[in-house]
Amino acid sequence: MGKREKKIIIFISIFALVNGVAPVVNAMHIMEGYLPPKFCILWGAICIPFLAAGYLSIKKTLNKNRRAITMLAMAGAFVFVLSSLKIPSVTGSCSHMTGTGLGAILFGPSAVSILGIIVLIFQAILLAHGGLTTLGANTFSMAIAGPLLSYGIYKLFQRFKLNKNVGIFLAATLGDLFTYCVTSIQLALAYPSANGGVLASAAKFLAVFAPTQLPLAIIEGILTVVIVIGLETYAKSEMKDIGFLVGGEK
């Protein structure tokens, strides 16, 4: 990796630290103590096999090529930066981008589960964003469900040889939105509406997130495309090392 690429990594890290110092309690992550204990345990248990697969995936990637750790760290920093920037909503909540689509495209969804839980732990402890008791639920929505959809969309475009940049855009955008859909369902399961049950409650939570999250998801999609284009231009050797560029395609 050249000096220019190293400067990019350093800039991203500094940007993450600078923008992560002002916590907002009412952010999209489910806050500490908000879920009943049984749901905290349930979502944590569901995450375990995905995290195990993620650990094995990262181990396999690094065993093949130790240099991939730089790109892996960059993907993790990208998640930290975007998910730490909370935007207030007129509905009384906050929203933020997730950044997990990029990691899912570069390394697959399993690896992102590990990156995501690391980010969520740091945010819960240092930024009061999310919580340790709700770590399982937040990990499933942001680091497992969203990346799985992002990866599936990207691979679908790749399989049918459709426009790659459009595939990256839709993967990041829809993966972001799906994260919020899953979060709404998690909240609805814990607090079903007296009139209409889980579905009515989920619709109410989605209505809270939607006004801010829809434009943010589109911005994340565009930003992810720009980042991938930049990496293909200025970090071509690193992209080839992780298997993304093989004759111009992953």
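In helix H2 (37-64), the residues Phe50, Leu51, Ala53, Gly54, Tyr55, Ser57 and Ile58 meet Ser110, Ala111, Ser113, Ile114 and Ile117 of helix H5. Contact here means heavy atoms within 4.5 Å. The residues of this contact divide into 8 nonpolar, 4 polar and no charged. Ala, Val, Leu, Ile, Met, Phe, Trp, Tyr, Cys and Pro count as nonpolar; Asp, Glu, Lys and Arg count as charged; the others, Gly among them, count as polar.

The model is predicted: local features need pLDDT of at least 70, side-chain atom pairs count only at pLDDT 80 or more, and totals for chains, interfaces and linings use all residues. Residues are numbered from 1 along each chain as its sequence is written, and side-chain values use heavy atoms, with hydrogens and water left out. Helices are DSSP runs (H or I, at least four residues), numbered from the N terminus.

The axes of H2 and H5 come within 7 Å and cross at roughly 105 degrees. Axes are lines fitted to C-alpha atoms, for helices over the stretch in contact, with angles from 0 to 180 degrees between N-to-C directions. H2 and H5 are therefore roughly perpendicular (65 to 115 degrees).

Aromatic residues also pair. Rings of Phe, Tyr and Trp (its six-membered ring) pair if their centres lie within 6.5 Å; planes under 30 degrees apart count as stacked, over 60 as edge-to-face and the rest as tilted. By this rule the count is 5 aromatic pairs. Phe50 and Phe140 form an edge-to-face pair, 6.3 Å centre to centre with 70 degrees between the planes. Phe50 lies in helix H2 and Phe140 in helix H6, so this pair ties together parts 90 residues apart in sequence. Phe50 is partly exposed at 32% relative accessibility, whereas Phe140 is buried at 17%. Buried means under 20% relative accessible area, exposed over 50%, and partly exposed in between (1.4 Å probe, protein chains only). Trp43, Phe50 and Phe140 form one aromatic cluster.

The largest nonpolar core has 56 residues. Such a core is a set of buried Ala, Val, Leu, Ile, Met, Phe, Trp, Tyr and Cys residues joined through side-chain atoms within 4.5 Å. Leu35, Leu106, Phe107, Ile242 and Phe244 touch the most other members. Elements giving two or more residues to this core include helix H2 (37-64), helix H3 (68-84) and helix H5 (109-126). H3 gives the most, with 10 residues. Phe244 is buried, at 0% relative accessibility.

Definitions and conventions. Angles under 35 degrees count as roughly parallel, over 145 as roughly antiparallel, 65 to 115 as roughly perpendicular and the rest as oblique.
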